Amino acid sequence: MKFLELNKKRHATKHFNDKAVDPKDVRTAIEIATLAPSAHNSQPWKFVVVREKNAELAEIAFGANKDQIIEAPVTIALFTDTDLVKRARKIARVAGVNNMSDELLQYYMQNLPVEYGHYSEQQKSDYLALNAGLVAMNLVLALTDQGIGSNVILGFDKSKVNQVLDIDERFRPELLITVGYTDDKLEPSYRLPVDEIIEKR
């Protein structure tokens with residue numbers, strides 16, 4: 001599918017039917033999502049695929065998001081790794097000498113950790129949010145490419161997600177993505193004309 005067509009097919013899906021979502025399709029979408037760019041190739045993301053605990057997750061969502069999470073056959077909770085030093089060293093450890101040059105291993109084991117050590121909390125927060133946005137967009141497009149609907153949810157109590165899903169506090173919840181099929185006819189949202197958002201200097 002051409003990229004323009006894929007983007008035109010992607011719409012926020014807020015009502016789902018009873019059709020099950022194949023776990024293999026979810027895994028494929030996540031695998032594609034992780035091809036997204038990330039700053040320093042840090043890949044600081046973690047995906048939690050929720051099928052059994054949707055009702056518990058819905059309890060900490062706000063407003064209409066509760067019903068949406070209960071209705072969705074799958075909800076993907078996206079987290080980011082707040083320990084960027086460990087993340088960099090994990091990449092080096094998993095990749096190993098077979099996939100990285102000595103210079104690149106040094107970069108992940110030593111250089112990046114030193115750089116991260118100089119980040120303020122605000123810089124780290126911005127860094128994680130940027131990377132979360134990049135991988136989330138890739139994920140919803142990958143789902144769309146397989147004919148699966150999705151919606152990105154920000155309205156939930158982030159202070160309770162780790163406890164509900166039994167996730168280490170090292171990982172910061174960023175957003176929830178409901179996943180499934182719909183019988184609704186989805187209409188595109190209004191987009192500003194491109195000339196309204198471009199300035200030339």
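Where is Phe47 found? Phe47 sits in strand β1, which covers residues 45-50. Keep that strand in mind while I go through the rest. One caution before that: this is a predicted model.

Let me start with the overall picture. The protein has eight helices and four strands. Reading from the N terminus, the elements go α-α-β-α-α-β-α-α-α-β-α-β. The C-alpha trace spans about 50 × 50 × 35 Å along its principal axes. There are 201 residues, and buried ones make up 40% of them.

Back to Phe47. With a relative accessibility of 18%, Phe47 counts as buried. The cut-off for that class is under 20%. Phe47 and Ala88 are 41 residues apart along the chain. Their C-alpha atoms are separated by 18 Å.

Phi of His40 is near 60°, a positive value in a residue other than glycine. For context, most residues other than glycine have a negative phi. His40 is partly exposed, at 26% relative accessibility.

A second case comes later in the chain. Phi of Asp166 is near 55°, again positive and again in a residue other than glycine. Asp166 is placed in the loop between α8 and β4, the strand of residues 171-180. How accessible is Asp166? At 67% relative accessibility, Asp166 counts as exposed.

That brings us to helix α8 itself, residues 158-165. Which of its residues are buried? They are Val161, Asn162, Val164 and Leu165. Look down the helix axis: the buried residues of α8 fall within an arc of 165°, so they line one face of the helix. The face away from the buried side carries Ser159 and Gln163, which are exposed. An α-helix has 3.6 residues a turn, so residues three or four places apart point the same way.

Next, salt bridges. The structure holds six of them. The general idea is simple: side chains of opposite charge can pair when their charged atoms come close.

Lys160 pairs with Asp157, and their closest N and O atoms are 3.8 Å apart. At 42% relative accessibility, Lys160 is partly exposed.

Another lies in helix α2, residues 23-33. There, Glu31 forms a salt bridge with Arg27. The closest N and O atoms of that pair are 3.6 Å apart. How are the two placed along the helix? Glu31 and Arg27 are four residues apart in α2, so about one helical turn separates them. Glu31 is partly exposed, with a relative accessible area of 49%. Arg27, at 58% relative accessibility, counts as exposed.

Then there is Arg201 with Glu199. Their closest N and O atoms are 2.5 Å apart. Both Arg201 and Glu199 are exposed.

Finally on this topic, a network. Asp81, Arg87 and Arg170 are linked by salt bridges.

On to the surface. Which residues gather in a patch of negative charge? The members are Asp18, Asp67, Glu71, Asp183 and Asp184. Asp67 belongs to helix α4, residues 65-71. Asp67 is exposed, with 55% relative accessible area.

There is also a nonpolar patch on the surface. Tyr190, Leu192, Val194, Ile197 and Ile198 form it. Together they have about 570 Å² of accessible area. Ile197 is placed in the segment after β4. At 59% relative accessibility, Ile197 counts as exposed.

So, what to look at on the screen. Begin with Phe47, buried in β1.

Key. Residues are numbered from 1 along each chain as its sequence is written. This is a predicted model: local features need pLDDT of at least 70, side-chain atom pairs count only at pLDDT 80 or more; totals for chains, interfaces and linings use all residues. Side-chain values use heavy atoms; hydrogens and water are left out. Patches are made of residues with over 30% relative accessible area and no salt bridge: like charges are joined within 9 Å, nonpolar side chains (Val, Leu, Ile, Met, Phe, Trp, Tyr) within 5 Å. Accessible areas come from the Shrake-Rupley method with a 1.4 Å probe; for residues, only the protein chains shown count as cover. A salt bridge is a side-chain nitrogen of Lys or Arg within 4 Å of a carboxyl oxygen of Asp or Glu. Lys and Arg count as positive and Asp and Glu as negative; His and the chain ends are not counted. The place of a charge is taken as NZ of Lys, CZ of Arg, CG of Asp or CD of Glu. Buried means under 20% relative accessible area, exposed over 50%, partly exposed in between (1.4 Å probe, protein chains only). The arc is that of the directions from the helix axis to the C-beta atoms.
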